[in-house]
Amino acid sequence: MGGYVLRRILQSLLILLGISFLTFILLYLIPADPARQIAGRSATAQTVENIREQLGLNLPFYQQYFRYLTGLLQGDLGRSYLQKTEVGELIWSRLPATLLLMAGAIVSELAIGLTMGLVAALRRNTATDTSLMVLSFVGVSSPQFVIGILLLYVFSVQLGWFPIGGYGTFRHMVLPSLTLGLLGAGWYSRMMRSAMIDVLRQDFIRTARAKGLKRWQVLFGHAMPNALLPVIAMIGIDIGLFMSGIVVVESVFGWPGIGQLAWQAIQRVDIPIIMGVTLVSAFAIVLGNFLADLIAPLIDPRIKLR
Amino acid sequence: MNKTLLAGAAALLAATALSPAQAEDIKQGGSMIVTYKDDVSTLDPAIGYDWQNWSMIKSLFDGLMDYEPGTTNLMNDLAEDYTISDDGKVFTFKLRQGVKFHNGREMTAEDVKYSLDRVANPKTQSPGAGFFGSIKGFDAVAAGDADSLEGVTVVDPYTVQIELSRPDATFLHVMAINFSSIVPKEAVEEWGADFGKHPVGTGAFSLEEWTLGQRLVFKRNEDYWRAGVPRLDEITFEVGQEPIVALLRLQRGEADIPGDGIPPAKFLEVTKDPQYKDLIIEGGQLHTGYVTMNVKMPPFDKPEVRKAVNMAINKDRIVRIINGRAVPANQPLPPTMPGYDKDYEGYAYDPDAAKALLAEAGLGDGFETELYVYNTDPNPRIAQAIQADLAAIGIKAEIKALAQANVIAAGGEPDQAPMIWSGGMAWIADFPDPSNFYGPILGCAGAVKGGWNWSWYCNEELDALATAADSMTDPAQKAEREEAWRKIFIAVMDDAAWAPVFHEQRFTMRSERLGGPDAIFVDPVHIPVNYDYVWAKDVQ
């Protein structure tokens, strides 16, 4: 176990290093000249040159990358070109909002997905089953910006139940969480349905029924815990999905998280922020997968970490 | 006769000035919410250079000069008075006494010197440093050989003298741009690179709260030296809100001003709704959208070809493409800029005459070229309209839609971009003076590698006239100077260095709660809104 954890940590570090290298190359190749961008249109050639020198943009690629890595190891993600603020501070101040949104999304995708899957499995091959599965298919395939704008239009603009975007109260959280969670809910309902159908066919369920347990006892005491196994393993992987989703969802709802930060930075080619958010997202994804793998054997003793 | 004239003038004044109440009758108090899509970048006046933080900085800081609200007329700000020497090279400013920074300390001449030294210093990385090039000793500071501008002298605590290396008629405008705002040394040194997040000025408002990615709160400066200003007690800027969402919130009464303006997708719907008729405000902008033709790249070295392009473009149609959010242009200067020639007719739309001109240049069969354009809407659509117009006279233009930085880089090379549509990149004036529309974009100084004169038009004769015009520093020569500039820009059009297409108009909206003259909501200088003069109806 200890060896496994150590090996995975080393692997994760290598992955992060690789990602930082790839992102840095990509951003280095962008033809935009950051020094000129900072200097603005009224700057003299000398000002541009001064800025280039101060930021080390005149150095060869490998030296720039090395400088960045050195800073990174000291916890310094650099300073935003346009916002003139430490990237670490910008991300840190926006992280709580993103984590809150993800928590909301996990709750809503589990609540919706598991219920739908359970009902579909119990009503297998009926009209309910079919319509639920069609619904989940729609959830999986709809682009999030469409869902987001639709929800916003119906529930905030027309019905006035929720605020039109923003951040702060529980009511602000409902629609963005739903939007971000719907994709996952689609997946979960399908997984839950097939896992449940599978479990209900097993011998131990028949035994449980035979010994006279009530229907709900069988369902929630025996069938559910077994059907949930593959689902829980997926939550860790969800974090990766969310990381791409938050860029869209946060922008639509004006949610002050790191996705919105990334979107603004991409539009304005603010390289240090793009770099920082990419690294933080990569870290979250790697961590999510790692945790999912660690938790799996605790839930299912048949899984062994080697 | 005199009486009716006076009465007419008074009525005009009343209509254009603060209505319904007189300025001094307006009660201070109340608050408003302004929304923006993007996070505010920085509030450091030496650094901030976008249209979102421009007016915020003006509300937090003061400079020696400013403009009358809603106009392009210079007025004294922290300078109580000034004198200009006869040769136009020495400006002596008498400062207002008893003006306090937000930290409570009194502002003195030392602060003026410190602020100017700071903005010129290359370590500050100010995008506006170039504006101060006429101050004596600027080159030494810019090169890093000196820390202090030789030309700026503190005479006494309330007098500062600025000596220029050449006469510069725009210098008072330079003293009014944000980069010349007066900052207190101790606060700049305390916060270092984070001064932009902790601004301390002498302005009408002070920064009360800044929650990154969410909101900024400005609070009224109780000690502000200008009586009765600002009108509001508090302004909340909420950031991270898409323009469409911002508009919906305004319609529901949750916000007061959509800082990014009315989004194009909603423009027709909102402007046609009688309910919002009185709440929508249109204003001119010191902006011109134009097509550059690189005079170094044949066949655009021939004036006939450039004139033909001018005549081929159907500007009215292009204005329709952007829902009428602009007025057609026939010269480089926008209509609200001093020096604009309202009698000039320009090159009228006439494809047949354009074809004839091409034939005259020996290009009767047309030619192939490239049109560079910034790849965000509506610019590619405008480029397509221009492409179709050019095709009608036999010019086959291939559209190169690229990221902004790439277009700017291509324009800054002598042999890369034969034609560029300037939309989304250039040119909005930094200050309301015609010279700002010449040097960088039409003068020889801008026709260099990495410059903004994408036509690479360099007419030394006009450059000499421009220098002469900017040497007329005596305020009595104002009209003469304007006339000189008018001639320069018409001469540019005679050479057809550009094809001017339109001047963008700004459209914004305010909630019914807000009062104030329309002009301050589309202020030409305090862009986008002059926050200091907006008042709340609910406290009157």
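This is a predicted model: local features need pLDDT of at least 70, side-chain atom pairs count only at pLDDT 80 or more; totals for chains, interfaces and linings use all residues.

Reader: What ipTM and pTM does the complex get?

Author: The predictor gives an ipTM of 0.80 and a pTM of 0.86.

Reader: And what is the average pLDDT of chain A?

Author: Chain A averages 86, and 99% of the residues score at least 70; pLDDT is the predictor's confidence in each residue, from 0 to 100. Within chain A, H5(A) has the highest confidence, a mean of 91, and H2(A) the lowest, at 78.

Reader: Which part of chain B stays under 50?

Author: Residues 1-21 of chain B do, and the model has seven contacts beyond four places in sequence for them. A contact here is two residues whose C-beta atoms, placed from the backbone, lie within 7 Å. Chain B as a whole averages 91, with 96% of the residues at 70 or above.

Reader: Now chain A. How many helices and strands?

Author: There are 12 helices and zero strands. Both are DSSP runs numbered from the N terminus, helices being H or I of at least four residues and strands E of at least two. The C-alpha trace of chain A spans about 85 × 55 × 30 Å along its principal axes.

Reader: What share of chain A is buried?

Author: Of its 306 residues, 38% are buried. A residue is buried if 20 or more other C-beta atoms lie within 10 Å of its own, exposed if 12 or fewer, and partly exposed in between, with C-beta atoms placed from the backbone. Just after H9(A), Gly212(A) has a positive phi of about 95 degrees.

Reader: How many residues does each chain put into the contact?

Author: Chain A gives 36 residues and chain B gives 34. On the chain A side, H2 (34-39), H3 (45-54), H5 (87-122) and H11 (258-267) each supply at least two residues. H3(A) has the largest share, six residues.

Reader: What is that side made of, by class?

Author: The side of chain A that touches chain B has 15 nonpolar, 16 polar and five charged residues. Ala, Val, Leu, Ile, Met, Phe, Trp, Tyr, Cys and Pro count as nonpolar, Asp, Glu, Lys and Arg as charged, and the others, Gly among them, as polar.

Reader: Over to chain B. What is the order of the four-strand sheet?

Author: It is an open antiparallel sheet, S4-S5-S7-S6 in chain B. S4(B) (79-84) and S6(B) (152-156) stand at the edges with a single partner strand each, so one side of each is left without a neighbour in the sheet. Strands pair if DSSP finds at least two bridges between them. S4(B) and S5(B), residues 90-95, pair over five bridges, and Ala79(B) stands opposite Leu95(B).

Reader: Which helix packs on that sheet?

Author: H3(B), residues 109-120, touches S5, S6 and S7 (159-163) of chain B, and its direction makes about 175 degrees with that of S6(B). Axes are lines fitted to C-alpha atoms, for helices over the stretch in contact, and angles run from 0 to 180 degrees between N-to-C directions.

Reader: And the five-strand sheet, what is its order?

Author: S8-S9-S10-S1-S11 of chain B, open and with mixed pairing. S1(B) (31-35) and S10(B) (234-238) run parallel, joined by five bridges, and Ile33(B) has Thr236(B) as its bridge partner.

How values were computed: Residues are numbered from 1 along each chain as its sequence is written. Chains are lettered from A and ligands numbered from 1 in the order in which they are written.
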